[in-house]
Amino acid sequence: MDKLKMQTANKADENFKKLAAMFPNAVTETINENGEVVRAIDKDVLMQEISCKVVDGNEERYQFTWPDKKKSVLLANAPINKTLRPCREESVDFDTTENLYIEGDNLEVLKLLQETYFGKIKMIYIDPPYNTGNDFVYNDEFGIRNEEWNGISGNYDADGNQIVGALEKNTEANGRFHTDWLNMIYPRLKLAKDLLADDGVIFISIDDNEQVNLSKVCDEIFGPNNRIGPIIQNKQNAKNDTVNIQKNHEFMLIYRKSTIIDGAKVKATLSRRVVTYRDVLEENGQFYYLNDPITTRGEGGTLNARPNLGYTIYYNPKTGDFLAKSDYNIQLAKTENNEDIVYRTDTDLIEKGYVTVRPPRVRGQLGCWTWALDKFNAEKHSVVITGKPGSYTARKRTFVDSNCVICKEGKLVYMSAVEANSRSILDFSTNEGTNELSSLIKGNVFNNPKNLEMIKYLISLVQDSNAYVLDFFSGSSTTAHAVMQLNAEDSGHRKFIMVQLPEKCDEKSEAYKAGYKTICEIGKERIRRAGAKIKEEAGLAAQNLDTGFRVLKCDTSNMKDVYYNPAEYEVNMFSRLEDNIKEDRTPEDLLFQVMLDLGVLLSSKIEETTISGKKVFNVEDNYLIACFDSDVSEETIKAIAKQKPYYFVMRDSSMASDSVATNFDQIFATYSPDTVRKVL
């Protein structure tokens, strides 16, 4: 049986193997700082292989760099001995949900997710610290061993748990103001790219403090050819930050994973438009998408500005007939309030049962239509009058082509890219998330939560209603809320993965006074309340909706140090270290670390059974079977082997006798020879 590594992969080792396979002539050996002979790459040979023009020394070149950049790359590649421990009591529908809420430093969590979710995430949205001078910056270590850093940084207590209060604000007085922020964001984005699917996409909210630097970082990691944005977004509460100039916008950077995979072009992810079923018209089995009303908004949308667009539409609710009357029905009349245009009504049509349909008022003045009367008449066949008495309006209908998927039950229609109307991100203000959160949790418990409708819109652009959506700066969990809301609207089965550092709430804050000690507590409670509200509002349509989540917490490994470094322990010490698993860890803790090590989805179905008195975990219908009890008998081993699991895992020292150990391989050879057997 093979022994599980129980730690994240060393990405530098993996990259070395890839280079060695492509350029074996560049592989060499050298002596390290300890005098040991180690493998290495000959830089000069490698440069000859990959460069048309060799750049070396102080020769000028185009580049983007900062202090410790090389170390931030090493930090992303370095392995860690960490794990994710399940927390059932804080979860919702733990046994059935496919959603995850993970507490911990997102750099460590992203490393832990590499094996399991590599290439599986269709969309990432993050709202990282903007580096305004008031943000927390993660104190990532550079150039020293993790154990040394943990001891001197003050970031960890005696049990190895992270102390969030040790994090400091990155003020402009810091001589490494931009450097520290770049060293924080670079390794996280580098790891995030590996999690994205080939046609995956990442959205990053940012303001002007680091937008330029972040763009350069993303160009380097994802490649400038994969840049979809930046795009700008309105700020609702803009401040006069500079003299005579108001900052009205923030930014959103958008990058795809890749445009070419294995020599073939990858189809763009962002091309599907989602509209609610109330915006769809069905006639004789044919579906039509209803566009926005044909009215004009803004200063140019008043009858004062454009009187030629001021005709009246007369609509008969009983027959469905309608017609437009030209501008000779508009009377010019100067009034006291300076409104110089008023409508005249055709009384004959009113007596025949018609009602007037006119554009809404714009800034207190009469509005106008978008189309001139001639165009209206030419397009009348595509016009539909919608609404209710007193608020009728005219809208254009667009034919939904046969390639679209119509989902009446889910009350949503997927539009093709050709027919869809794209929506501007400017339609969503950055600061409009407060009302959505306060409707669930009273009080100002979180500053500047993201706009729920904006995140939902971004998710809807991804062409996969079963997608994994990741947010590793999850804050108040707007992204999780958006995933559940969109799934309720279109019967989708998207899964969210939220990652958040358990940052402590200020004791003077409203959040702390309301009983929320950390940001994570706010996020988890929002998901609970949002899920309950969505299910209540959706009724029977939400009976299969997943509004649960498994809570996992990043912690030190379940294994004692002797498991990783047995050579450092003297032989006479092993009698005191017979068990290489920490005393406070449960069998379920061990199961999740095994799932991480073997690349098994953390949302997988887990069934707990008893075989011959021993607790046995069955993950995803015999894909993985694990037993961590002691004194495991031959009877238990035989019963497990007969289930023919793909993986079987047990503790190295848990066999009941030498006879069981001797017969172990023979039992599996008889009943399930293809099972991969592993031990802790």
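Let's start at one residue. D652 touches V679 and L680, leaving aside residues up to four places away in sequence. Keep in mind that this is a predicted model.

Where does D652 sit? It lies in the loop that runs from strand 32, residues 647-650, to helix 19, residues 658-671. D652 is partly exposed, and its relative accessible area is 48%. That label applies because 48% falls between the cut-offs of 20% for buried and 50% for exposed. There is also a distance to note. The C-alpha atoms of D652 and D579 are separated by 9.3 Å. Along the chain, those two residues are 73 residues apart.

Now the strands around that loop. Strand 32 pairs with strand 33, residues 676-679. The sense is parallel, over four bridges. Within that region, M650 stands opposite V679 of strand 33. V679 is also one of the residues that D652 touches.

D631 has a phi near 55°. That is a positive value, and D631 is not a glycine. Most residues other than glycine have a negative phi.

Helix 18 packs on helix 19. The angle is about 20°, and the axes are 9 Å apart. The two helices are therefore roughly parallel to each other. The crossing of helix 18 and helix 19 is right-handed. Who meets whom? Helix 18 brings E634, I637, K638, I640 and A641. Helix 19 brings S659, V660, N663, F664, I667, F668 and Y671. The residues of this contact between helix 18 and helix 19 divide into eight nonpolar, two polar and two charged.

Helix 12 covers residues 452-460, and helix 13 covers residues 478-490. They pack at an angle of about 60°, with their axes 8 Å apart. That makes helix 12 oblique to helix 13. Helix 12 passes helix 13 in a right-handed crossing. From helix 12, the contact uses L452, I455, K456, I459 and S460. From helix 13, the residues are T478, T479, H481, A482, V483, Q485, L486 and E489. Six residues of the contact of helix 12 with helix 13 are nonpolar, five are polar and two are charged.

N448 lies between helix 11, residues 434-438, and helix 12. N448 has a positive phi of about 55°, although it is not a glycine. Is N448 buried or exposed? N448 counts as exposed, at 51% relative accessibility. The reason is the cut-off: 51% is over the 50% required for exposed.

Last, the whole chain. The protein chain has 19 helices and 33 strands. Of its 680 residues, 49% count as buried. Then the contacts. Take those in the protein chain with a separation of 6 or more: residues 24 or more positions apart account for 71% of them.

Key:
Residues numbered from 1 in each chain as written. Predicted model: local features only at pLDDT ≥ 70, side-chain atom pairs only at ≥ 80, totals over all residues. Heavy atoms only, no water. Buried < 20%, exposed > 50% of the residue type's maximum accessible area, 1.4 Å probe, protein only. Contact = heavy atoms within 4.5 Å. Pairing = 2+ DSSP bridges. Axes fitted to C-alpha atoms, helices over the stretch in contact; angles between N-to-C directions. Parallel < 35°, antiparallel > 145°, perpendicular 65-115°, else oblique. Left-handed = near helix turned anticlockwise from the far one by under 90°. Nonpolar A, V, L, I, M, F, W, Y, C, P; charged D, E, K, R; others polar.
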